[in-house]
Amino acid sequence: MGIEIAGIKMKNPVMVASGTFGFGEEYSELYDLNRLGAIVTKSVTLLPREGNPPPRIVETPAGMLNSIGLQNDGLKVFLEKHLPYLSKFTVPVIVNVAGETLDEYVDVVKALSKENRVDGIELNISCPNVKKGCMAFGIDPKLTEELVKAAKKASKKPIIVKLSPNVTDITVIAKAAEKAGADALSLINTIMGMAIDIKTKKPKLAMITGGLSGPAIKPIAVRMVWQVAQAVKVPVIGIGGIMTAEDAYEFMLAGASAVQVGTANFVDIESPLKIIEGLKKYI
Ligand code: RRO
């Protein structure tokens with residue numbers, strides 16, 4: 001079950017996806033984190049962010065919409081509190097990084113690259129819920145290339161680039177990231193959606209739109225993984241509505257070397273463990 005992806009050795013190919021697992025602390029009371037392939041943290045930005053006003057989560061048919069807005073404690077608290085906590089475990093730690101500007105990304109990447117306990121960086125160029133930066137980089141091949149180049153220059157850690165599905169042709173962005181030196185690609189982030197309460201006639205999310213995740217997006221994610229896996233040589237990490245081992249295996253058949261489990265964590269806390277067990281039969 002062991003794999004090496006972007007130079008990161010993992011016990012198995014099942015990671016937990018950014019934003020669905022915090023920094024591991026709450027989940028560590030429920031099971032042994034070392035059983036996971038890797039932990040991908042919630043996005044870290046240079047400064048703390050409060051995120052968007054509530055309501056910011058809505059359940060939808062076969063999925064959910066979120067509009068968290070990059071809420072996190074910022075780099076300083078990550079380095080002083082969350083990373084030391086994660087250091088109690090041996091599971092690889094991949095830190096998801098987001099920002100409004102190229103300089104902000106570079107500052108965070110530089111600081112993280114000095115930390116032994118950071119095994120890799122997932123560059124988030126695909127958050128759909130903020131007005132500035134983030135997804136603005138991931139929907140433009142030129143900006144993607146510039147940002148990934150700058151991140152690679154700032155760090156020796158493996159850089160995984162997390163792609164947005166909110167584009168016409170995801171292979172264009174994938175190739176731009178690869179050209180700039182990305183060590184691996186992860187996809188997909190959430191798809192922009194919207195829901196209206198027909199009783200109040202008002203949007204269900206305070207910010208009106210949000211990112212759709214869960215089984216509803218799985219066929220789109222499988223299609224995009226399949227397209228990207230053919231377009232690039234670097235490893236692809238599949239994400240999007242994986243609930244079972246069979247879903248994970250489907251992504252692998254589409255060309256993914258590993259997978260991330262996100263929304264399933266909110267349905268069944270132990271789903272990543274069940275997926276790891278179930279995958280043994282197929283691998
Ligand atoms: O925080 C969020 O609202 C968020 C992020 Br950073 C992301 O990358 N994807 C998403 O669906 N929500």
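Student: By its relative accessibility, does Val40 count as buried or exposed?
Tutor: Val40 belongs to strand β4, residues 38–40. Strands are DSSP runs of E with at least two residues, helices are runs of H or I with at least four, and both are numbered from the N terminus. Buried means under 20% relative accessible area, exposed means over 50%, and partly exposed is in between (1.4 Å probe, protein chains only). Val40 has 0% relative accessibility, so its class is buried.

Student: This is a predicted model, so what pLDDT must side-chain atom pairs have to count?
Tutor: Numbering starts from 1 along each chain as its sequence is written, and side-chain values use heavy atoms, with hydrogens and water left out. In this predicted model, local features need pLDDT of at least 70, totals for chains, interfaces and linings use all residues, and side-chain atom pairs count only at pLDDT 80 or more.

Student: How far apart in space are Val40 and Pro215, C-alpha to C-alpha?
Tutor: In sequence, Val40 and Pro215 are 175 residues apart. In space, their C-alpha separation is 20 Å.

Student: How many charged residues does the shell around the ligand have?
Tutor: The ligand is surrounded by residues including Lys42, Ser43, Asn66, Ile68, Pro128 and Thr190. A residue is near a molecule if one of its heavy atoms lies within 4 Å of it. Ala, Val, Leu, Ile, Met, Phe, Trp, Tyr, Cys and Pro count as nonpolar, Asp, Glu, Lys and Arg as charged, and the others, Gly among them, as polar. By class, the shell has four nonpolar residues, seven polar and, as for charged, one.

Student: What percentage of the ligand's own accessible area does the protein cover?
Tutor: Polar side-chain atoms of Lys42 and of Asn129 each lie 2.8 Å from a ligand oxygen atom. A side-chain N or O atom of Asn189 is 2.8 Å from a ligand nitrogen atom. On its own, the ligand has 320 Å² of accessible area, and the protein's share of cover is 92%. Such areas come from the Shrake-Rupley method with a 1.4 Å probe, with only the protein chains shown as cover for residues; the ligand's figure is 92%.

Student: Which residue's side chain makes a polar contact with the side chain of Thr190?
Tutor: Thr190 is placed in the loop between β10 (184–187) and β11 (191–194). At 9% relative accessibility, it is buried. A polar contact is a pair of N or O atoms within 3.5 Å; within protein, one must be able to donate a hydrogen and the other to accept it, and residues adjacent in sequence count only if both atoms are side-chain atoms. At 3.4 Å, the partner of Thr190 is Asn189.

Student: What distance separates the C-alpha atoms of Pro128 and Gly211?
Tutor: Pro128 lies in the loop between β8 (120–124) and α4 (135–138). Its relative accessibility is 11%, so it counts as buried. Pro128 and Gly211 are 83 residues apart along the chain, with a C-alpha separation of 6.2 Å.

Student: What is omega near for the cis peptide bond from Leu187 to Ile188?
Tutor: Ile188 is in the loop between β10 and β11. The cis bond from Leu187 to Ile188 has omega near 15°.

Student: Does Ile208 count as buried or partly exposed?
Tutor: Ile208 is in the loop between β13 (202–203) and β14 (209–213). Its phi is near 75°, a positive value in a residue other than glycine. With 39% relative accessibility, Ile208 is partly exposed.
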